[in-house]
Amino acid sequence: MRTLLITGPGGNGRTTVAAATALAAARAGARVLLLGTDRTDTLGTVLGTPVTAAPAEVLPGLTARRVDAGEDFRADLAALQDRAAPALDLLGASRLDPEEFGPLPGAEELAVLRALRDAALPDVYDLLVVDLPPAERALALFALPEDLRRGMRRLLPPERQAARALRPVLGRLAGVPMPADWLYATAARWDTGLAAVEAVLADRDTAVRLVAEPGPAGADAVRTAGLGLALRGLRTDVLVAGRVLPESVDDSWLAGPAAQQRKTLDEWRQTYDVRPVAHLGRDPRGPDDLTALAVPGAPAAPGVKAGPATAGWPVTDRLADEGVLVWHIPLPGARREELDLIRHGDALAVTAGPFRRTVPLPSALRRCTVDGAALREGELRIRFRPDPRLWPRTP
């Protein structure tokens, strides 16, 4: 199944474009699931029919549903209390009523990740269109699975889980209680679920579609979003420029904004496949307005690869000429003063603007020391020199 993740600056029409894209694909004969992530029913407003947490066919071939973080949180709280029932009974603690609580901070993000994983697993639909939160929140969402998995592996390394028969002995020797089996089981279950989300994001049939209104604010937002996506290694298929004014504007008051839009579109075309969507003169509502937008089609069908998989970070061998290996990290739109690198053992923490990612070093680079870095043509090139103490000697 193809997965199309749609995001962009807040208030720039990403929900409208998501709905129009899903509708166009459904009318072309695809089985489409449209997943909304907003707290309010913005998808229902655009489609002209309510969208709830239960999947429902809102138009022929188009099924829509909305993530309900509150319901997911209540179900998780009830399940947690069931698993912890022996300990709660031992302490004499009373059960919490899940209906008394709303979702805690972070529950909404986890609910979106779970919905993305669950929607991408069954072979029921041809296309999954996800109306993600605004770009800043969406990029934080993309980082969450990798960061959580790394943190859990550091706190509860699976290889350190002692055999059940040895746990009492080790506990007496260490003088502290050993982590319970259920804690490792919970960590393993979370790791499996987060790995499934990472697999969806890294799949060749997954693409990110940016939506923005051309202009100074939109240009800044797209540059920042593109930088964050590049750091995550995610592929952008097209940039949808929404609410584009006509080329010839009779109203002198609109001539300035139209010229400003044309300038931004020319700049975007140097980096992205830009698809302008005309301004209808009103807020689109209902299937007819969505069709009139004439949004670009969905990515190519599975087996017809229109673009590369997630962006690679290749290592080039310059040992013979310069005595170094060079790691190439594509970061279009990056600025030298916004970059920072910190090595932590066999991992490298890369900061680009407001984003940060810690990635494991390729095996060859783990036996090297960092020899310098430079930003060239939208690419961060990090030089690694072999460490004589670790590099294998040649006869």
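At what angle do the axes of helix α5 and helix α6 cross? The axes of α5 (residues 107-120) and α6 (residues 135-155) come within 10 Å and cross at roughly 80 degrees. That makes α5 roughly perpendicular to α6, a term for angles of 65 to 115 degrees, whereas angles under 35 degrees count as roughly parallel, those over 145 as roughly antiparallel and the rest as oblique. Axes are lines fitted to C-alpha atoms, for helices over the stretch in contact, and angles run from 0 to 180 degrees between N-to-C directions. The model is predicted; local features need pLDDT of at least 70 and side-chain atom pairs count only at pLDDT 80 or more, while totals for chains, interfaces and linings use all residues. Residues are numbered from 1 along each chain as its sequence is written, and side-chain values use heavy atoms, with hydrogens and water left out.

In the contact between these helices (heavy atoms within 4.5 Å), Glu 108, Glu 109, Leu 110, Val 112 and Leu 113 of α5 meet Arg 137, Leu 141, Leu 144, Pro 145 and Leu 148 of α6. Seven of the contact residues are nonpolar, none is polar and three are charged. Here Ala, Val, Leu, Ile, Met, Phe, Trp, Tyr, Cys and Pro count as nonpolar, Asp, Glu, Lys and Arg as charged, and the others, Gly among them, as polar.

Helix α6 also packs with helix α9 (residues 216-232), at an angle of about 10 degrees and with the axes 10 Å apart. The two helices are therefore roughly parallel to each other. On the α6 side, Ala 135, Leu 139, Phe 142, Ala 143 and Glu 146 meet Ala 225, Gly 228, Leu 229 and Arg 232 of α9. This contact divides into six nonpolar residues, one polar and two charged.

The buried residues of α9 (under 20% relative accessible area, with a 1.4 Å probe and protein chains only) include Ala 225, Gly 228, Leu 229 and Arg 232. Just after α9, Gly 233 takes a positive phi of about 75 degrees.

Elsewhere, four strands form an open antiparallel sheet in the order β9-β10-β15-β14. Strands pair if DSSP finds at least two bridges between them. β9 (315-318) and β14 (368-376) stand at the edges with a single partner strand each, so one side of each is left without a neighbour in the sheet. The twist averages 25 degrees from one strand to the next. Six bridges join β10 (residues 324-330) to β15 (residues 379-386); the bridge partner of Ile 329 is Leu 380 in β15.

Note on methods
Buried means under 20% relative accessible area, exposed over 50%, partly exposed in between (1.4 Å probe, protein chains only).
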